[in-house]
Amino acid sequence: MAPSDSSAQAASGRLTDPSGRSFEYLRLSLTDVCNFRCTYCLPNGYRKAAGRTPDLSPDEIVRAVTAFARLGLWKVRLTGGEPTLRAEFTEIARRVAAVPGIRRVAMTTNGYRLADHAAEWRAAGVSAINVSIDSLDPARFAAITGHDRLDEVLRGVEAARVAGFDPIKLNAVLMRGVNDDELEAIIAFVRDHDLSLRFIEVMRTNDNAPFFQAHHLPGQTVIDALARAGWTRVARAPGAGPAVEFAHSDARGRIGIIAPYAQDFCATCNRLRLSAEGKLHLCLFGDGGLDLRPLLQDDAQIDELVERIVALTARKAPSHRLHDGNSGATPHLASIGG
């Protein structure tokens, strides 16, 4: 992109890429650390990479969010790893929610602290929440995550409801031979609860190729099952993530499918990612992050940072290369926030 084009886009308050996609959603990783050992992500637990730089400070985070907000991004999701492992989580949430132009702050969590802190985080300005629950069977949940905490996490979901989070979404990674036999039970759970549950296809990363080969199940499997049961697709809400959602006249909740291997999955991409180290990731499965940290050191750098984001977004590829067996530089989903 020519400098004049970059300046014009920065001045317009609207960020687009060469494919004509507009961006309104920032996934902000607060840490790559996670205390769970999920089989599809960190089966051996978290291991700090050699030479890894410290996580962004709250001041650096606010400067980054300010720049993205100037470009029209109005939704921020706080993610990880497990974002609530950051000691400053509540402070960060409060400061991000106060950035001019930010209209919604969401979070994704494994839920292990949710029952005790839901009200605190809601008061800090987080309004939407995603909780990872890959099984409704306690023993299986423990086998998948390495923690026997299903009851605790479900108490957290109820605490989030009481605190006023809206929407509340549950994330379940769909795995052949692991939890695919729970499909009917999970659908029944959603019928009775006012929340959204999204099935996520297992995605191949650099660390999980054998697991992917053994357990990948296409999202179309769920779509076909929902169609047979009378569920119908609903319109995509502004600023929504990649899930395709379905509703049923007899159900209180909704079911979504995140199927990155589906045709044209990338056509509606509306999100960018910033790692905990300050690297801009144009795609979850791109070739690596683009370092913004040198421009996060002083408030006076904001204009330069905005133009840098515009210029880098012009490099965004039309789609990922998962169908070619290429997951880019992503070692595991916790590394840049899934």
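**Helix crossing, α2 and α10.** I started with the handedness here: α2 and α10 cross in a right-handed way. I'm working from a predicted model, by the way. Next I looked up where the two helices sit: α2 covers residues 58–70 and α10 covers residues 302–313. Their axes come within 9 Å, and the crossing angle is roughly 60°.

**Who touches whom?** Which residues make the contact between α2 and α10? From α2 I listed R63, A64, T66, A67, F68 and R70. On the α10 side I found I302, D303, L305, V306 and I309. Then I sorted the residues of this contact by type: seven are nonpolar, one is polar and three are charged.

**Q301.** I moved on to Q301, which sits in the loop between β14 (290–291) and α10. Is Q301 buried or exposed? Its relative accessibility is 18%, and the cut-off for buried is under 20%, so Q301 counts as buried. I also checked its side chain, which reaches the backbone nitrogen of Q297 at 2.9 Å. Leaving out residues up to four places away in sequence, I noted that Q301 touches P294, L295 and L296.

**Whole chain.** Last, I zoomed out. I noted ten helices and 14 strands. The chain has 338 residues, and 55% of them count as buried. I looked at contacts between residues at least 6 apart in sequence, and 73% of those join residues at least 24 apart.

How values were computed:
Residues numbered from 1 in each chain as written. Predicted model: local features only at pLDDT ≥ 70, side-chain atom pairs only at ≥ 80, totals over all residues. Heavy atoms only, no water. Axes fitted to C-alpha atoms, helices over the stretch in contact; angles between N-to-C directions. Helix = DSSP H or I, 4+ residues; strand = E, 2+ residues; numbered from the N terminus. Left-handed = near helix turned anticlockwise from the far one by under 90°. Contact = heavy atoms within 4.5 Å. Nonpolar A, V, L, I, M, F, W, Y, C, P; charged D, E, K, R; others polar. Buried < 20%, exposed > 50% of the residue type's maximum accessible area, 1.4 Å probe, protein only. Polar contact = N/O pair within 3.5 Å; in protein donor to acceptor, adjacent residues only side chain to side chain.
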